[in-house]
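Subject: Structure for your review

Dear colleague,

Please find below the sequence and structure that I am handing over to you. A summary of the findings follows.

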Amino acid sequence: MVAVGCMAERYGKELAEALPEADGVLGFDDYADISNRLQTILSGGNVEAHTPRDRRKLLPLSPVERQEAAATVALPGHGTVDAPENVPSDLPEGLAPASGPRAPLRRRLDTSPVASVKLASGCDRRCSFCAIPSFRGSFVSRRPSDVLNETRWLAEQGVKEVMLVSENNTSYGKDLGDIRLLETLLPELAAVDGIERVRVSYLQPAEMRPGLIDVLTSTEKVVPYFDLSFQHSAPDVLRAMRRFGDTDRFLELLETIRSKAPTAGARSNFIVGFPGETEADFAELERFITHARLDAIGVFGYSDEDGTEAATYENKLDQDVVDERLAHLSRLAEELTAQRAEERIGETLEVLVESESDDEDEAGGWIGRAAHQAPETDGQVLLLTTDGGAAPELAPGRMVRAKVVGTEGVDLVAECLFEEAGR
Ligand code: SF4
């Protein structure tokens, strides 16, 4: 058993000591030669766990100087092989794509019509509660041609929806000399043959700009989906978090989005019980989520993260208070997102069919997702085919139009309209 990923990178040796049952703990620097590391472990050898370091210091402070230096730093998900002969022999097929000098190393482990595509790594922001930048490093964009090549290859493998992921997609391109690169890349990705949907995950509210909102709300096949982690809305808490904004500015942002795409999807995460959060701050956050009409809400109780600024704050709240606020806001969020789902009754959706329902009561039913629902984190659509035989065969990867007739919490129940959605 070998531990890899963020936790392994962040704690290295310490994790190895805490997990004696693990045969190895590998950090990002091991990835380029991971086959050999695993071979050593399989043969009974020992691969010493690393001593973690602040990965922000591996790259120049100035974003535009980073791309050149990035070639010498391990960036998970950016992995490329410089020449086909360097493809490891134990990955003979399913590498994306076969041509080009910078073929990303990727193999699909399932046949889902949805796949993530990495857009960038790291983060230059300094939210006081967050440890991510210290172990993911400074922000580095992947080249647009690499993102496009990988998307083309995924489309050839049957993928219909790509979801662009990184710690902060709004910053894409800043180290490539073009802070608006996402605005030009999105239409190119949407034009890839076979791709029906492009979704952008995590957008930083402080970096939203009119041009990006326009592209996200007006480009065919790019879904108007806004994954905006506000984290809080009370100004004093946001400042202590080293973040920006307030309730009214965030509501304005959502209003601007909806003025361009009335049915746009919006999701957000919040931290409650942050050090110094007063009852009035908490009430302000309640005011925000009550008016924001979000489709999905994640609520987390504050806890110290090692090595962060917030962990040193002295005005921590009692755990009881954190727990109480967490339970209260979670209940409210559940109610509000269920209400938001009800508002969608009567809407006609384009649904990407993903799988057959495994619920016995829904035998023969299909599950899919509409434009406002991201995979795994948000709700889904249960498709009804009440047409008595005239229905087209539903299968994973098909896009169908469906009318919302009911809800189950944040999930929607919709009747298929028996026509292929617009293609
Ligand atoms: S919360 Fe997000 S934006 Fe803030 S430092 Fe962490 S990764 Fe960056």
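**Cavities, pocket and sheet**

The count comes to four cavities of 30 Å³ or more. Please note that this is a predicted model, and that the values below are computed from it.

**The largest cavity**

The largest cavity holds about 80 Å³ of space. Its lining is made up of Asp295, Ala296, Thr337, Ala341, Arg344, His372, Gln373, Asp378, Gly379, Val410 and Leu412. Sorted by class, the residues lining this cavity are four nonpolar, four polar and three charged. Asp295, Asp378 and Arg344 are the charged residues in this lining.

**The ligand and its pocket**

The ligand takes up the space of the second largest pocket. The volume of that pocket is about 790 Å³. Around the ligand stand Cys123, Arg125, Cys127, Phe129, Cys130, Pro133, Tyr202, Gln204 and Arg243. This shell consists of six nonpolar residues, one polar residue and two charged residues. Gln204 is the polar residue of the shell, and Arg125 and Arg243 are the charged ones.

The pocket as a whole has a lining of 32 residues. Of these, Phe129, Cys130, Ala131, Ile132 and Gln231 lie nearest the centre of the pocket. Phe129 and Cys130 are also among the residues around the ligand.

At least two residues each are supplied by helix H1 (6-18), helix H4 (132-136), strand S11 (265-272) and strand S12 (296-301). The largest share, four residues, comes from H4.

**A three-stranded sheet**

The model also contains an open sheet of three strands, in the order S5-S8-S9 and with parallel pairing. Its edge strands are S5 (114-118) and S9 (197-200), each of which pairs on one side only. On average, neighbouring strands of this sheet are turned by 25 degrees against each other, direction ignored. In general, strands of a sheet pair through backbone hydrogen bonds, in either a parallel or an antiparallel manner.

Strand S8 (residues 161-165) runs parallel to S9 and is joined to S9 by four bridges.

Yours sincerely

Notes:
Residues numbered from 1 in each chain as written. Predicted model: local features only at pLDDT ≥ 70, side-chain atom pairs only at ≥ 80, totals over all residues. Heavy atoms only, no water. Near = heavy atom within 4 Å. 1 Å grid on protein atoms, 1.4 Å probe; cavity = no way out; pocket = protein on both sides within 12 Å on 5 of 7 lines; lining within 4 Å. Sits in = over half its atoms within 2 Å of the grid points. Points joined across faces, edges and corners; volume = space filled by probe spheres on them. Pairing = 2+ DSSP bridges. Axes fitted to C-alpha atoms, helices over the stretch in contact; angles between N-to-C directions.
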